[in-house]
Structures are given as structure tokens and as C-alpha cells.
Amino acid sequence: IASNNNAQSSSTRLNLAELSGGITDAWNSYLDALEANPLLIKSITAGVILGAADLSGQAIQQAILLSSSKEDDVASTLDMTNNDVTTTSNSSVDIARFLRFAVFGFILQAPWNHFYYLLLDGALPPTEDPFTTTTAIKVFIDQFIQAPIFTVIIFGFLGVLEGKSLDAIKEQLDEDYVDTMLANWKLWVPATALNKAEEVE
């Protein structure tokens, strides 16, 4: 029995080593592809990540709706008050929404970030010390100039993909833009500061 246990343990360690080696090889292949075709690989990566993030968000939304329906018996109320919520709760996946976010990542998010950061780092190269005036300037430019502009573009891009009119997009901006930027700054000002601080020479 001890011999069998030792054999199983050795086999498990071997399988884990093979798995680890496979992951390492895949990651190195990804980095090689990223270096060879940075814009294309970034675009594919962003499309996959944003698409997957939306699917995760849909799963969470449906779990919340299902829980609420069981606890409070609100299904009939949702039918009468919100057709969009009802549609989401009755279908497993909103494919159109998933595709909008995947297309957004591939066509807009990745190319924008690629060229924007090339321009920013070209104008203000990373410094030897992590926290400098240059770091502060880059954070300010990123979060208080670039982010407000790009957020408007995001609203417009996704609105067009949804088939909204310009008036409808403007109305959504009037309703949601300020809250979106405040939420963005709470998360991304400190995150961007840390990220830029790590870009040392």
C-alpha cells in the first residue's frame, strides 16, 4: 500500500510539473507573440477579457435576480415594470451585449491604449525613481484629461453598437457621465499612480 501511495504521489508531482511547464510555455509563447505583433495581440486579449468580463457580469446579475425572485417572489413585478430586466432573467446569455463588449475591446480599447501610452511614455519617459513629479504629471494627464475624453468615446461607441440615436447617447451621458467618472477616479487614480511608479528605467 505504501508503495502504491508513493507511486501515486510521484505521478501527481509529475503531472503538476508538466502542467506548470505547459503554462510557462504558453505564457512565453504569448509574450513572444506580443512582442512580434503588439497591437494585434493586445486587441485580441482585450476582446477576450472584456467579453469574458461581461459574461461574468451577466452571470452575477442572473444569480442576484434568481435569488431575489425566490426570496421576494418579484418575478411578476419585473414583468410589469422592466422589460429589459425580464428579458435578461429569462435568457441564459445576452449574446448581443457580450459581442458589443468584445468588439469594443478589440476595436477601440486596445488600439486606444496602445497608441495613447506610446505617446505618453514618449513625451514623458519613465524615471529612475518611482515617485517623481513626472509620475504625478502622467497620472494627472491619464486620469483628468485622457479618461474624461475616452469615457465620452466609450459611451458613444457602445451607444452606436446598441443602435441608439445621438440624442439617446447624449441623454445617457447627461444621466451617467458624472457618476461614471467619480467611480473611475476612486479606483483608477491610485491604481494608475502605482502602475506609473513601477515604470522605472
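Predicted model: local features only at pLDDT ≥ 70, side-chain atom pairs only at ≥ 80, totals over all residues.
Author: Local features need pLDDT of at least 70 and side-chain atom pairs pLDDT 80 or more, while totals for chains, interfaces and linings use all residues. Residues are numbered from 1 along each chain as its sequence is written, and side-chain values use heavy atoms, leaving out hydrogens and water.

Reader: Thanks! How many helices and strands are there in the protein chain?

Author: Happy to say: 7 helices and 0 strands. Helices are DSSP runs of H or I with at least four residues, and strands are runs of E with at least two.

Reader: And what share of the residues is buried?

Author: Of 201 residues, 21% are buried, meaning under 20% relative accessible area with a 1.4 Å probe, protein chains only.

Reader: New topic! What volume does the largest pocket have?

Author: About 770 Å³. A pocket is an open set of points on a 1 Å grid where a 1.4 Å probe fits, with protein on both sides within 12 Å along at least five of seven lines; lining residues have an atom within 4 Å of a point. The volume is the space filled by probe spheres set on the points.

Reader: Which residues are closest to its centre?

Author: Q109, F150, I154, N184 and W188, out of 25 lining residues.

Reader: Which helix gives the most to that lining?

Author: That's α6, with 10 residues. Helices α5 (95–123), α6 (133–161) and α7 (166–197) each supply at least two.

Definitions and conventions: Buried < 20%, exposed > 50% of the residue type's maximum accessible area, 1.4 Å probe, protein only.
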